[in-house]
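Dear colleague,

I am passing on the structure below, together with some notes on a few of its helices and loops. Please read the notes with the coordinates open.

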Amino acid sequence: MRNKIRKLLDKYNSLPVQAKAGFWFLVCTVVQRSITIITTPIFTRMLSEPEYGEYGVFISWMGILSCFVTMFIFSGIYPQAIVKHEEEKDVYSSSMQGLTITLVIFWCIIYLLGRTFWNDIFFLNTIELIAMFVVMWGNAAFGFWSAEKRIAYKYKSLLAVTLTEAIMQPVLSIVLISYFPNKVNGLVWGIAIANLVCYSPLFVSQMLKGKQFFSSKIWKYSLGLAIPLIPHYLSSVVLNSSDRIMIQKIVGEGPAGIYNLAYTISICGTIINQALLQTIQPWVYTKIKEERYEDLKRVVYPALIVIGCVNLLVILISPELIKIFAPPAYYDAVWVMPPISLSVYYMFTFNLFACFEFYFEKPGYVSAATFTGAGLNVVLNYIFIKMFGYVAAGYTTLICYFVFCVAHYCFMRIILKQENITEKVYSLKVLTLISVAVTACGFVIMLTYNYPYVRYGLIAVVLIACLIERKRIKGYVLRIMGRE
């Protein structure tokens, strides 16, 4: 046993720093994104249904308001900015941190001046909304700091902060739920205090390194890119939530609940999406800066295959997942999961094209693509939910994300021509082959839902294939993680 452990450690130590960092960055994102799923059974038992619904309203409004309050500068603009302006990255970091906290304070003051009015609109109280501003700022402060660490391959400090916050947040929330008369107040302030304790030092460290709170050049640069992206972020919210709202309005609460369960389980694949994207996105920006476009294919194609296989696995075991998460009344949700899981694949794919839009500072293209997808989603939902019921929403979501993906690809091609880049970045033939294969496999697997023994046989074949091809799979993973 000791020899096996020693061999594993030796193999790990022999990995390049890029591979080690890639692995731990993946772990960090998975841990951070999984905390909500892991703690859900605890909080649903500590809070009543109306209270948990109030918390859901809090999360929904935070997603919408973040589009205006922080404008997601830390994720949309900052990573490419510090790659392009590496010699000034500390100044960019501190100035963008300064801009973000200024925006948070500004909008908080606007809220406080008319808090009764805003409370009535948001159906939340003042304590909850103040906590929301704290959480939005904390998320942004961590976003700036973590992006810098990812680009520099400094994974140890990122892992320490992520694990500390992941433990502190639910512990504090559980304690404060028991302490606060209003349990929802306790839950949201548990999150807010964990953010303050864990993320304030990160803000201070970047401010001390950059030593510049305000820079008219950087603030103008950031706002000039961020403001045109607001429609993109708002459209993303619509694209992710309009189907559930419209099902509720058109066919009722019951079907909306079934669809919501299928959507929630299927969308768990975005945890891997986000983890892998945050791992390779800074590297993509670096390759664009260095004009080494050929290197992108070596990592992007395996990444697409991995994401495709993860979502196909979700489709393959969907009946079991439904049975684990819900009682028999929800079992029909299984027919919605394949198209939604395939949508998750296209959610990942479009980001590989959008990197060019962000790097070459074309926010109008980003917003145009998202607005098109969101608008199409609302129209298709209105038509087909009436005709075919809630299951249609899964297919309209897939169609819209496919269109969304194609739009970003076309905009990327336009940008390459505008920048006089003649090198072929991605092969359309390869992208199409991977995407068609993943989509076709997803629907073939769905056909086995009525034939459980066939599906179990398919699961066995997949497991045997993974065992036989383990070296090739390992090679794909190392190629994605190592990148160099």
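This is a predicted model: local features need pLDDT of at least 70, side-chain atom pairs count only at pLDDT 80 or more; totals for chains, interfaces and linings use all residues.

The buried residues of H19 are Leu431, Ile434, Ser435, Val438, Thr439, Gly442, Ile445 and Met446. Seen down the helix axis, these buried residues fall within an arc of 130°, so they line one face of H19. Lys429, Leu433, Val436 and Val444 are exposed on the face turned away from that buried side.

The cover over the buried residues of H19 includes H14, H16 (337-359), H18 (391-418) and H20 (452-468). Of these, H14 (residues 294-316) packs against H19 (residues 428-446) at an angle of about 10°, with the two axes 9 Å apart, and the two helices are therefore roughly parallel to each other. H14 contributes Tyr301, Leu304, Ile305, Gly308, Leu312, Ile315 and Leu316 to the contact, while H19 contributes Val430, Leu431, Ile434, Val438, Cys441, Gly442 and Ile445. By type, the residues of this contact comprise 12 nonpolar, two polar and no charged.

Two loop residues may also deserve a look. Glu291, in the loop between H13 (269-290) and H14, has a positive phi near 60° although the residue is not glycine, and Glu291 is exposed, with a relative accessible area of 56%. Asn420, in the loop between H18 and H19, likewise has a positive phi, near 55°, in a residue other than glycine, and counts as exposed at 66% relative accessibility.

How values were computed
Residues are numbered from 1 along each chain as its sequence is written. Side-chain values use heavy atoms; hydrogens and water are left out. Axes are lines fitted to C-alpha atoms, for helices over the stretch in contact, and angles run from 0 to 180 degrees between N-to-C directions. Helices (H or I, at least four residues) and strands (E, at least two) are DSSP runs, numbered from the N terminus. Angles under 35 degrees count as roughly parallel, over 145 as roughly antiparallel, 65 to 115 as roughly perpendicular and the rest as oblique. Contact means heavy atoms within 4.5 Å. Ala, Val, Leu, Ile, Met, Phe, Trp, Tyr, Cys and Pro count as nonpolar, Asp, Glu, Lys and Arg as charged, and the others, Gly among them, as polar. Buried means under 20% relative accessible area, exposed over 50%, partly exposed in between (1.4 Å probe, protein chains only). The arc is that of the directions from the helix axis to the C-beta atoms.
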